[in-house]
Amino acid sequence: MAAHPECWLYELARRDVEDLEAAARHFLALGLDIGEITADDFPLPHFSAHLEALREKLISGVGVEVLRGLPIDRYNQKFSAAIFCGIGAHLGRARSQNAQGHILGHVRDTGADATDPNTRIYQTSQRQTFHTDSADVVGLLCIREAKEGGRSLLVSAETIYNEMRRQSPDLLERLFDPIATDRRGEVPDGANPYFEIPPFTWHEGRLTVCYQRQYIDSAQRFDGALRLTPEHLAALDLFDDLANDPDLHFSMQLQPGDMQFVYNHSQLHDRTGFIDWPEREKRRHLLRLWLAIPDDRALPECFAQRYGSLEIGNRGGIITKGTKLHAPLD
């Protein structure tokens, strides 16, 4: 993948950009909230064909694509968000990313305490770990880069599985056991403050991954959570070692205007730590979407703990009591 960016990098042509800009102007003229955007409200007579191919690439292909060349410097944030959410509406259905019901997320350092077990790591400048999100697909739109760092990293779950099977099949078996993962304080009504889903599952002939090591570790603070045995810890450590092996993952630096889409069921993503600009208006800022995708794979029953509904095209996200879906622009 590192040697063949043509597998995952798509340069927007002038006609593509014109199509996206025209669709954004059409949608904004309707006077609707961006959280209500639909594919019909965002007509793409030309570019929709590429988005259909992109959906197939995510589900059945390499599982990642970056759209590059959006001239974001000439847009205000509302126009940029309309384009991003409009693309998302053609790919699938946006899902809530937090208990507040944000379907448009803002990835930036808010000054949150990274040591607080209720902090979600994307709200800090710290290194994340390889993980999956609570949706079929995660999308990012880069508004501004950090002064230094913040590289995006990707690794294939199938590659990790195959390497673990070769190196230590006994430890690989432990990753098919249910393992507690912390919800970080965003708990659906009547649910535990953690869910218990195996990092790896086989279902209808497909391998699916569900993983966030930092949240697995912090879930051990709950008395009712399944305890990690020494074998589980060894298996998780090997998983992390493989994910962090530079021969197995690849990285990219997202540029302003880049839109990255990643398939959560087969890819894990990560971000290096970063140093931000001192000026507030220059600081690193990405918009994020979580999407449920039509015609996607079926998920095993245990995923209902995390996704709520298992209905294809209408699953995933974080819904708690009082959650109201909306798309904050800042």
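Visitor: At roughly what angle do the axes of helix α4 and helix α7 cross?

Guide: This is a predicted model, in which local features need pLDDT of at least 70, side-chain atom pairs count only at pLDDT 80 or more, and totals for chains, interfaces and linings use all residues. Residues are numbered from 1 along each chain as its sequence is written, and side-chain values use heavy atoms, without hydrogens and water. Helices are DSSP runs (H or I, at least four residues) numbered from the N terminus. Axes are lines fitted to C-alpha atoms, for helices over the stretch in contact, with angles from 0 to 180 degrees between N-to-C directions. Here the axes of α4 (residues 157-167) and α7 (residues 230-243) come within 10 Å and cross at roughly 125°.

Visitor: How are α4 and α7 oriented to each other?

Guide: Angles under 35 degrees count as roughly parallel, over 145 as roughly antiparallel, 65 to 115 as roughly perpendicular and the rest as oblique. α4 and α7 are therefore oblique to each other.

Visitor: Which residues of α4 and α7 meet?

Guide: Contact means heavy atoms within 4.5 Å. From α4, Ile160, Glu163, Met164 and Gln167 meet Ala235, Leu238, Phe239, Leu242 and Ala243 of α7. By class, this contact has seven nonpolar, one polar and one charged residues. In that scheme Ala, Val, Leu, Ile, Met, Phe, Trp, Tyr, Cys and Pro count as nonpolar, Asp, Glu, Lys and Arg as charged, and the others, Gly among them, as polar.

Visitor: At roughly what angle do the axes of α1 and α3 cross?

Guide: The axes of α1 (residues 14-29) and α3 (residues 77-91) come within 9 Å and cross at roughly 105°. That makes α1 roughly perpendicular to α3. Their contact comprises eight nonpolar, no polar and three charged residues.

Visitor: How many cavities of 30 Å³ or more does a search of the whole structure find?

Guide: Rolling a probe the size of a water molecule over the atoms shows where empty space is left. A cavity is a set of points, on a 1 Å grid over the protein atoms alone, where a 1.4 Å probe fits but cannot get out; lining residues have an atom within 4 Å of a point. Grid points are joined across faces, edges and corners, and a volume is the space filled by probe spheres set on the points. The search finds one cavity of 30 Å³ or more, and about 50 Å³ of space lies in the largest cavity. Its lining includes Cys142, Arg144, Glu145 and Leu286, and divides into four nonpolar, three polar and three charged residues.

Note on methods:
On a 1 Å grid over the protein atoms alone, a cavity is a set of points where a 1.4 Å probe fits but cannot get out, and a pocket is an open set with protein on both sides within 12 Å along at least five of seven lines; lining residues have an atom within 4 Å of a point. Helices (H or I, at least four residues) and strands (E, at least two) are DSSP runs, numbered from the N terminus.
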